[in-house]
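Have the sequence and the model open side by side. The paragraphs below move from one part of the fold to the next.

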Amino acid sequence: MDKYPDQKRAVHFLFPPIDPFDQRMIDVGQGHRIYVEQSGNPDGIPVVVCHGGPGGGCSPAMRRFFDPEVYRVILFDQRGCGKSRPFAEVKDNTTWHLIKDMEQIRRLFEIDRWIVFGGSWGATLSLVYAQTHPDRVMAMVLRGVFLMTAAELQWFYGGDAGRFWPEAWARFVAPIPENERGDLITAYHKRLFSGDITEEKRYGQSWSAWENALASMSSNGVSGMPPGDYARAFARLESHYFINEGFLDCDGHILANIGRISHIPGIIVQGRYDMICPPTSAWRLNELWPNSELVMVRDAGHALSEPGITLELVRAMKRIAEWSDL
């Protein structure tokens with residue numbers, strides 16, 4: 001018998017694999033077409049999933065956090081990533097474009113209000129969407145909270161996280177000349193948009209490997225080399241958003257506007273040892289959001305696939321399905 005439930009593998013807590021009942025490409029303007037799918041119960045409680053990154057894309061495993069008899073699950077690849085086209089494109093690709101895309105999806109599917117579910121960058125997008133359209137959100141479930149602040153970017157790209165993973169940090173900074181290491185986001189951004197696809201893939205892999213190495217609590221600091229095309233898109237989009245501070249109005253934008261979602265119930269699931277998005281952001285969000293609950297998962301890091309994180313997210317969606325006032 002497991003001493004603690006989260007010692008099981010994450011897959012044990014998920015619902016069985018399921019295929020979408022609807023898949024399509026939607027023209028959202030400015031030359032962008034985004035991939036959208038629906039699975040589960042067509043007449044169920046609608047929930048939209050905001051994937052991480054920016055640039056990560058959705059995956060079939062994301063369908064499995066929701067009871068397919070209860071939920072109508074909507075996944076979409078944000079602009080420039082996954083199955084959306086053009087791939088790795090950053091033109092007309094900002095937080096505000098993504099929020100408009102979500103509204104287009106909601107209207108297309110004739111949904112009045114939905115649950116918003118997102119982790120990491122997906123939590124950022126979920127929060128900004130809810131603050132922009134508070135009347136369209138019935139509840140929120142967030143994981144590995146990232147508030148798109150300068151302090152969070154400094155933590156991960158300024159060397160603070162590197163103090164815990166010096167060997168992985170050394171690999172991350174190695175491709176950058178010493179005189180440019182004071183601003184690694186800018187240094188990588190320059191190379192990820194050099195116009196040399198081979199070079200962009202190489203730097204994209206280095207960028208992505210640093211993040212992957214710290215995602216799981218079980219990591220030894222070494223991650224497999226991600227495929228070049230995926231890594232290039234992921235890194236280009238992340239550096240594009242980060243160098244532009246998420247295209248938000250000010251540093252601390254989300255917490256400054258928390259009053260707009262004070263009436264929305266939310267569950268925040270956070271790994272105690274998250275090295276990518278440290279728990280302080282989730283804690284501060286919970287302190288200022290009166291209708292939220294923080295679930296701090298011991299022995300867990302950042303990844304969606306961490307067993308404790310998976311368990312608590314599935315539990316959260318089961319609890320929400322029982323709320324009578326939705």
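**Around helix 5**

The buried residues of helix 5 (184-192) are covered by elements that include helix 3 (150-157), helix 4 (166-173), helix 6 (197-213) and helix 7 (228-243). Contact here means heavy atoms within 4.5 Å. Helices (H or I, at least four residues) and strands (E, at least two) are DSSP runs, numbered from the N terminus. This is a predicted model: local features need pLDDT of at least 70, side-chain atom pairs count only at pLDDT 80 or more, and totals for chains, interfaces and linings use all residues. Residues are numbered from 1 along each chain as its sequence is written, and side-chain values use heavy atoms, with hydrogens and water left out.

How many residues of helix 5 are buried? The count is 7 of the 9, so the helix is largely enclosed by the rest of the structure. Buried means under 20% relative accessible area, exposed over 50%, and partly exposed in between (1.4 Å probe, protein chains only). The buried residues are Leu184, Ile185, Ala187, Tyr188, His189, Arg191 and Leu192. Lys190 counts as partly exposed because its relative accessibility is 49%.

Lys190 also has a charged partner. Glu180 forms a salt bridge with Lys190, with the closest N and O atoms 3.2 Å apart. The pair links distant parts of the chain: Glu180 sits in the loop between helix 4 and helix 5, Lys190 sits in helix 5, and they are 10 residues apart. A salt bridge is a side-chain nitrogen of Lys or Arg within 4 Å of a carboxyl oxygen of Asp or Glu. The whole structure holds 16 salt bridges.

Now go to helix 1 (residues 95-108). Salt bridges link Glu103, Arg106 and Arg107 in a network. Glu103 meets Arg106 at 2.8 Å, N to O. Because these two are 3 residues apart in helix 1, about one helical turn separates them. Glu103 also bridges to Arg107, where the closest N and O atoms are 3.8 Å apart. This pair is 4 residues apart in helix 1, so about one helical turn lies between them as well.

Is Arg107 buried or exposed? Arg107 counts as exposed because its relative accessibility is 52%. Glu103, at 6% relative accessibility, counts as buried. Arg106 is buried too.

**The nonpolar cores**

A nonpolar core is a set of buried Ala, Val, Leu, Ile, Met, Phe, Trp, Tyr and Cys residues joined through side-chain atoms within 4.5 Å. The largest has 73 residues, and Trp210 and Leu214 make the most contacts inside it. Helix 2 (residues 121-132) supplies the largest share of this core, 7 residues. Another core, of 28 residues, lies apart from it; Val73, Ile267, Val269 and Val297 are among its members.

Look at Trp210 itself. Leaving out residues up to four places away in sequence, Trp210 touches Phe156, Tyr157, Ala161, Gly162, Trp165, Ala168, Trp169 and Phe172.

Ser84 lies in the loop between strand 4 (71-76) and helix 1. Its relative accessible area is 0%, so Ser84 is buried. The Ser84 side chain reaches the backbone oxygen of Asp77 at 2.7 Å.

Strand 1 (residues 22-29) and strand 2 (residues 32-40) pair in the antiparallel sense over 7 bridges. Strands pair if DSSP finds at least two bridges between them. Ile26 has Ile34 in strand 2 as its bridge partner. The two strands form a hairpin with 2 residues between them, and Gln30 in the turn has a positive phi of about 55°.

Terms used
A polar contact is a pair of N or O atoms within 3.5 Å; within protein, one must be able to donate a hydrogen and the other to accept it, and residues adjacent in sequence count only if both atoms are side-chain atoms.
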